Structures are given as C-alpha cells and as structure tokens.
Amino acid sequence: DKQSLGSTIGTTLDRFINDKQGEFPFATGELSQLLRDIALAGKIINREVNKSGLLDIAGAYGATNVQGEEQQKLDVIADIRFTRALKNGGEVCAIISEEEDDLIRLNNNSRYVVAMDPLDGSSNIDVNVSIGTIFSIYRRVTPIGTPVQMEDVLQKGDNQVAAGYILYGSSTMLVYTTGHGVNGFTFEPTLGEFLLSHQNMKCPKDGSIYSINEGSYQSFEPSVKDYLQYCKSENYSARYIGSLVADFHRNLLKGGIYIYPSTEKAPNGKLRLMYECNCLAFIIEQAGGMATDGQRRVMEIEPTELHQRVPLFIGSPDMVNKAHAFRGEEAIVQ
Ligand code: P6P
C-alpha cells in the first residue's frame, strides 16, 4: 500500500546518508563520502570473507601483528583494502589500525582520522564463525595542511563524530551512528547495496544474556566472580561467540552484557580502546545502553597509546549498573 511504499525501511545507505546530511548544517559532504568509502571497503571484504575457504587465503599468513597474534591472510587483506579505500577516498589524514604498529599517515590536507580493526575475530575465519570490522571517525584538531600530530589521533571517545561496525554473519550488516541514533543496514548482494533494515536501534534496558570467557574465571576480580554468580542465580543464558562484533550485535538487539575484564594474561583486559571499545561505546550509548571499564565511561578515558587496552563492560544499562554494584562503584547513571 502507499504507506509501506513511503517507508524508509529498505532505503539504500547512499540515500540514507544523503537524507541525513541535512542534520549537519555545516556539512561539506566529506563525512558522508567517508562513510561511503567505508561501506565500499566492507563490500569488498564481504566478497572475500564469503569465499575465504575456497581461495586458500584462510591459512595463517605467517606474520604476527603488534599484538603478537598470528596474522591471518584475511586480516592483512582487510587492512590493505580499508587503507586503500580510505586513501583513495581522500577524506582521511591518518589511520590507527590494529594491524599496523605505527600510525598510518595519509594526507595532511584531509580532515578526518579513522581508528579501525579491519577484521576483528580473525581467529574465527577458519572455523566459519562470524567476524567483523570496527571503526571510529574523529575530526583532526590541528589545522588542515599541517602535519598530523598525536593530539589529532589520541582523542577520547566522546570526541568521535561517527562509529560503526560491519558484521560478516549469516547476513552482512553495517551498523553505525553519527551521534543521531543508531541505524542498521543489511547487504543485498544481488543489488550490491546496503539496505536500511534496522531503523533507530535501541538496546533493551535490561536483559538475561551474559557474554564472558569463563575460561579465565580463576583470574577474574572477586566482584566479577560475584556478578557471574548473580547471573547464574537468575538463570541467565551464557552466550559467548568469541567474536566481539557478533557478541555485541546480539546483545544490542536482544539485551545483554558483554564483559572482557582484567585477567592474569591481560591485566588491562584484551580489547583495544581506540578501535574496539570506543566505537562500540559510542554505538551502545546512542542506543540507550552503557559502556564502562568497570569504573568510568569508556568514552571519557584519555588515550595515551595507539593500541592501549581497557577492560570492557558493555550492553544493557541495568546489567552494567548491576555489575558495577558488585564492584562497590557508584552506579553510573546514563
Ligand atoms: P578470548 C577476537 O580475537 C577478540 O579480539 C574479540 O573479537 C573477542 O571477543 C575476544 O578477542 C575473544 O577473546 O580471550 O575470549 O578468546
């Protein structure tokens, strides 16, 4: 009927970006173009992820990244593809990437900084488990045309102008925010388009799913152990895919909490502030949820290093506050 024809559900990402550009009176179209460049890279990675088992590119690459983790070929390909797409797009002056030890400097005349994990959860590639791309976008603080400085790059999460992820799952989805709510787009391969499928996404206030790797239970802080006992006493469901974007996305839709706390192996947690925690923190807060390091909002943390790690408690606000209650912290009111 006419009404359904008028619905914005199913609109393409391009049209959505154009329509939303009106929300930025000063918009010069650069951020819109940058979002399109990221979506393009996502389409290219999606094609390769879907064939990884066939093209004998799923095997270990033999190199290791700054984290000392074995790099899978697809990680490296994703890093190359995204870096190339952002370089060709011309909007980015610098990139922080999980796969690159040092800052990637592109074009001093460009305005935006991107922090990205090109392919997170890559150890899951060979076993055909969902994986994801995670990104943050910042505006540089030093004048355009001057060399990029660390102050342009090490900005706290509250300074993000956009953040998002691409989930290469049973379907491929792009979910992002520019600070005006969260919207999800599902890739339609026969059209080669991301179509709006989840408009104005909101995280349920409470939930009954907890995601944590209980293999490290012995080294959890007592307050985390106490919270887990609480979850079990409430007969919550334990769901842990071991792929951050997949675990996060499920909790965003259904309600839940994902915790990567301090452990013996990872005293500051395993997840990285700049291209994992801040990105998902921006999204979850825009969707009405919460993200902390166990004490304070993730997006308030002033970064000191490109690849620094922080503990992460993220998801439904009532669940994050409950976990805090066991830590004796003042519950952070959203
Ligand atoms: P663990 C994958 O390597 C990753 O970075 C995230 O995607 C995932 O949530 C986490 O690490 C899993 O870590 O220590 O539980 O295997």
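The points below describe a predicted model, grouped by topic.

**Ligand surroundings**

- The shell around the ligand consists of Asp120, Gly121, Asn213, Tyr240, Gly242, Ser243, Leu244, Tyr258, Tyr260, Lys270 and Arg272.
- By class, this shell divides into four nonpolar, four polar and three charged residues.
- Asp120 places a polar side-chain atom 2.5 Å from an oxygen atom of the ligand.
- For Tyr240, a polar side-chain atom lies 2.6 Å from a ligand oxygen atom, and for Lys270 the corresponding distance to a ligand oxygen atom is 3.0 Å.
- Of the 400 Å² of accessible area that the ligand has on its own, the protein covers 83%.

**Aromatic pairs**

- The structure contains 10 aromatic pairs.
- One of them joins Phe16 and Phe185, edge-to-face, with 5.1 Å between the centres and 75° between the planes.
- Phe16 belongs to helix α2 (residues 13–21) and Phe185 to strand β9 (residues 182–188), so this pair ties together parts 169 residues apart in sequence.
- Both Phe16 and Phe185 are buried.
- Tyr165 and Phe248 also form an edge-to-face pair, because their ring centres are 5.7 Å apart and their planes are at 85°.
- Tyr165 is in strand β7 (residues 162–168) and Phe248 in helix α7 (residues 244–254), so the pair links parts 83 residues apart in sequence.
- Tyr165 counts as buried at 0% relative accessibility, and Phe248 is buried with a relative accessible area of 3%.

**Aromatic cluster and charge over a ring**

- Tyr227, Tyr230, Tyr236 and Phe326 make up one aromatic cluster.
- Lys322 lies over the face of Tyr230, 4.7 Å from the ring centre.

How values were computed. Residues are numbered from 1 along each chain as its sequence is written. This is a predicted model: local features need pLDDT of at least 70, side-chain atom pairs count only at pLDDT 80 or more; totals for chains, interfaces and linings use all residues. Side-chain values use heavy atoms; hydrogens and water are left out. A residue is near a molecule or strand if one of its heavy atoms lies within 4 Å of it. A polar contact is a pair of N or O atoms within 3.5 Å; within protein, one must be able to donate a hydrogen and the other to accept it, and residues adjacent in sequence count only if both atoms are side-chain atoms. Accessible areas come from the Shrake-Rupley method with a 1.4 Å probe; for residues, only the protein chains shown count as cover. Ala, Val, Leu, Ile, Met, Phe, Trp, Tyr, Cys and Pro count as nonpolar, Asp, Glu, Lys and Arg as charged, and the others, Gly among them, as polar. Rings of Phe, Tyr and Trp (its six-membered ring) pair if their centres lie within 6.5 Å; planes under 30 degrees apart count as stacked, over 60 as edge-to-face and the rest as tilted. Helices (H or I, at least four residues) and strands (E, at least two) are DSSP runs, numbered from the N terminus. Buried means under 20% relative accessible area, exposed over 50%, partly exposed in between (1.4 Å probe, protein chains only). A charge sits over a ring if NZ of Lys or CZ of Arg is within 6 Å of the ring centre and within 35 degrees of the ring normal.
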